[in-house]
Amino acid sequence: MASVETQGLSKRFGATDVLAATDLSILDGEFVAIVGPSGCGKSTLLRLIAGLDEPTRGRVLIDARDVTNVAPAERGLAMVFQSYALYPHLTVAENIAFPLRVAGRPRSEIARRVAAVAETLDLVGLLSSRPRALSGGQRQRVSIARAIVREPRVLLLDEPLSNLDAELRVRMRHEFARLHAALGATMIYVTHDQLEAMTLANRIVVMNAGRVEQVGAPLALYDAPETLAVARAIGSPGMNLLSGEVVRVDARGATVRVTGGAVVDAAVRARPGAPVTLGARPEHLVPDECGAFAGAVELFERLGPLSFAHLGAPGLETTIVAQLPGDRRVTLGETLRFGIAPARVHVFAGDGHALPRIAASL
Ligand SMILES: Nc1ncnc2c1ncn2[C@@H]1O[C@H](COP(=O)(O)OP(=O)(O)O)[C@@H](O)[C@H]1O
Ligand SMILES: [Mg+2]
């Protein structure tokens, strides 16, 4: 186990800043997920930590030791990629043993360690098979086994489940949680799947356009996104986002008129006339005869325990998604009306930053 720190770590390819100066501090044994849209710099950050790319500026520290100029193999970390990159002519056992052979470990130790990781990853029955005989999930387990066989202090994973089907992804997600508990290694897990990040990570790093937007516990990011990019990245179905303008402010907060005409109170500090984006999570919209949001049901998704109604109305830029109980009956085209508590409303300024909240007074 080891802590990982980046100080002012940045990367420039040609004239493009692919990663702006990044300061991250990851604790010993933590499971940190890095999320963000494709191309935002997630893999670049991981490769810089691994030493596979050279930073333009900044430092990487592992257990407080500066490893910026240390070769990847000497950093005590291992990396798992989306493509499994197994050797097709070697058996599963030989694939797993490969890093130990390269490191010149004795035969008896290799046999012992391969047996141990095969046990951990449920590969015992497959040790003499070749990769082509394995399913996608099994191959990914072999590539993970190969990464952990040297007992790295830090395990870096770059979208390890992206090539698997949905059902297998859920199963493997559980395996990662188990693996983290079993190994106790520090894990840095890149994904574009926010659900994976929410369910697995102790903390999430949200990236956007080469910058870290926010770092925090999954629920902290969900409840209090500091920027629009974080609001977009976390939550599924996503937060409803509507552009609008602050039309009134008082001690309790601001009143926002959004495109389409709805007028909504929010417990935030704002400036009258400011252009803003209003955010409302689907589960915070509650049926209310006098509520601000009304629309005709254009799409109704029944998931069993709950449902999502997609509401459309003239002048709305996008449909509004509201969560309803699973047994709620709805007809397509029916008009529904929803309200939201001022404390539940998010408001983002023109620059994308969340406006400061006003604490509820008694
Ligand atoms: N070797 C490279 N040369 C030039 N541009 C690169 C190189 N590697 C990555 N990039 C660019 O850096 C950006 C971030 O890439 P990447 O870190 O792979 O994003 P992500 O993993 O979040 O999808 C992308 O715009 C990509 O095109
Ligand atoms: Mg990537």
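Predicted model: local features only at pLDDT ≥ 70, side-chain atom pairs only at ≥ 80, totals over all residues.
Close-up 1. Side-chain values use heavy atoms, without hydrogens and water. The closest N and O atoms of Arg113 and Glu109 are 2.6 Å apart in a salt bridge (a side-chain nitrogen of Lys or Arg within 4 Å of a carboxyl oxygen of Asp or Glu). Arg113 is buried at 16% relative accessible area, and Glu109 is buried at 9% (buried is under 20%, exposed over 50%, partly exposed in between; 1.4 Å probe, protein chains only). Shared partners join Arg105, Glu109 and Arg113 into one salt-bridge network.

**Close-up 2. The Glu30 and Arg203 pair.** The side chains of Glu30 and Arg203 form a salt bridge (2.5 Å, N to O). Glu30 lies in the loop between β2 (16-26) and β3 (31-35) and Arg203 in strand β9 (residues 203-208), so the pair ties together parts 173 residues apart in sequence. Glu30 is buried, with 8% relative accessibility, whereas Arg203 is partly exposed at 23%.

**Close-up 3. The Arg12 and Asp17 pair.** A salt bridge of 3.1 Å, N to O, connects the side chains of Arg12 and Asp17. Arg12 is partly exposed, with 39% relative accessibility; Asp17 is also partly exposed, at 47%. The structure holds 12 salt bridges.

Key:
Residues numbered from 1 in each chain as written. Chains lettered and ligands numbered in written order. Helix = DSSP H or I, 4+ residues; strand = E, 2+ residues; numbered from the N terminus.
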